[in-house]
Amino acid sequence: MQTKRNEIPANEQGFFNLMSLAITALVALPVGIACLVLGFGLGDNPCVMCWAERITMIAISLIALFIIRYGLKPGYLAALLLMVCWGIFNGFIHYSLDGTFGGYLDIKQGFGLEILGAHTQFWVMVVDFCVIIFLALIFLFSKNLGLIMQKSSNGEYGNFLSYLPLGKFANLVFIVIILANCVQAFIASGPPPYLGSSTPPRMSIDPSKWFWEKDHWDSSLDFRFDWNPELPDLAK
């Protein structure tokens, strides 16, 4: 039996409303600020690793949108936690290279703008960790989670969960921010087969200042990459 929107109990609607607010915050704040404020506003372009971290946040938000559309299913929850762990790992690797507090590549000439004294790579780890905290709080303050998961798995909400107002707003914010990121990605990295740059130029709407490259296609796959450098060209 399928549950209609007006038959969904208030405490079950509360769970989906909290998820909608969390999605809106994740998309509008870190992803939106990185694109609209730091990118279009201050001219900061993400490097190839920054793009990987930002896309991970977008994937987390998309999975959460599946939850408020189709219900709370084990597969969605597992995928969300997996992506959060992947985001924290990416942030740790990136920050260990370019971070303010010990990153050996940071010579104060870029590698991400600083926020409260730390580069944006550091805040990637903070944001992804906060996703786990907020998810735990949503579960803590929501009721009948077992029943919600059971209804979702049995399809009792229907083919898709009817959008609540906050769910509609979360979808709208997601679409707007993703479109803005697509524009920035085209300017910064170009269409395929071009790839993201390790040292991207400053953000500009002037096409003459766009720089697209394919350097990463030339990198050989080697799991010992950093420990297996090429021999130097020594004098004979």
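**Close-up views of the predicted model**

**Figure 1. W212 is partly exposed, with a relative accessible area of 27%.** This category lies between buried (under 20% relative accessible area) and exposed (over 50%), for a 1.4 Å probe and protein chains only. W210 is likewise partly exposed, at 26%. The model is predicted, so local features need pLDDT of at least 70 and side-chain atom pairs pLDDT 80 or more, whereas totals for chains, interfaces and linings use all residues. Residues are numbered from 1 along each chain as its sequence is written, and side-chain values use heavy atoms, without hydrogens or water.

**Figure 2. The protein has 6 helices and 2 strands.** Helices (H or I, at least four residues) and strands (E, at least two) are DSSP runs numbered from the N terminus. Along the sequence, these elements follow the pattern α-α-α-β-β-α-α-α. The protein has 236 residues, of which 38% are buried. Of the contacts (heavy atoms within 4.5 Å) with a separation of 6 or more, 70% join residues 24 or more positions apart.

**Figure 3. Helix α1 (residues 10-41) packs with helix α4 (residues 120-141) at an angle of about 170°, and their axes are 10 Å apart.** Helix α1 therefore runs roughly antiparallel to α4, a term for angles over 145 degrees. The axes are lines fitted to C-alpha atoms over the stretch in contact, and angles between N-to-C directions run from 0 to 180 degrees. On the α1 side, the residues that meet α4 are F15, L18, M19, A22, L26, P30 and L38. On the α4 side, their counterparts are T120, V127, V131, L135, I138 and F139.

**Figure 4. S61 lies in helix α2 and counts as buried, at 1% relative accessibility.** Leaving aside residues up to four places away in sequence, S61 touches I23, L26, V27 and F174. L62 is also found in helix α2, which spans residues 48-70. L62 counts as partly exposed, because its relative accessibility is 35%. The C-alpha atoms of L62 and N171 are 9.3 Å apart in space, while the two residues are 109 residues apart in sequence.

**Figure 5. The structure holds 10 aromatic pairs, among them F15 with F139.** Rings of Phe, Tyr and Trp (its six-membered ring) pair if their centres lie within 6.5 Å; planes under 30 degrees apart count as stacked, over 60 as edge-to-face and the rest as tilted. The ring centres of F15 and F139 are 6.3 Å apart and the planes stand at 35°, so this pair is tilted. F15 belongs to helix α1 and F139 to helix α4, so the pair ties together parts that are 124 residues apart in sequence. Ring pairs link F15, F16, F139 and Y157 into a cluster. F15 counts as buried, at 0% relative accessibility, and F139 is partly exposed, with a relative accessible area of 25%.

**Figure 6. The rings of W210 and W212 form a stacked pair.** Their centres are 6.1 Å apart and their planes stand at 25°.

**Figure 7. The charged end of R54 sits over the ring of W51.** The distance from the charged end of R54 to the centre of the W51 ring is 4.8 Å. A charge sits over a ring if NZ of Lys or CZ of Arg is within 6 Å of the ring centre and within 35 degrees of the ring normal.

Definitions and conventions:
Parallel < 35°, antiparallel > 145°, perpendicular 65-115°, else oblique.
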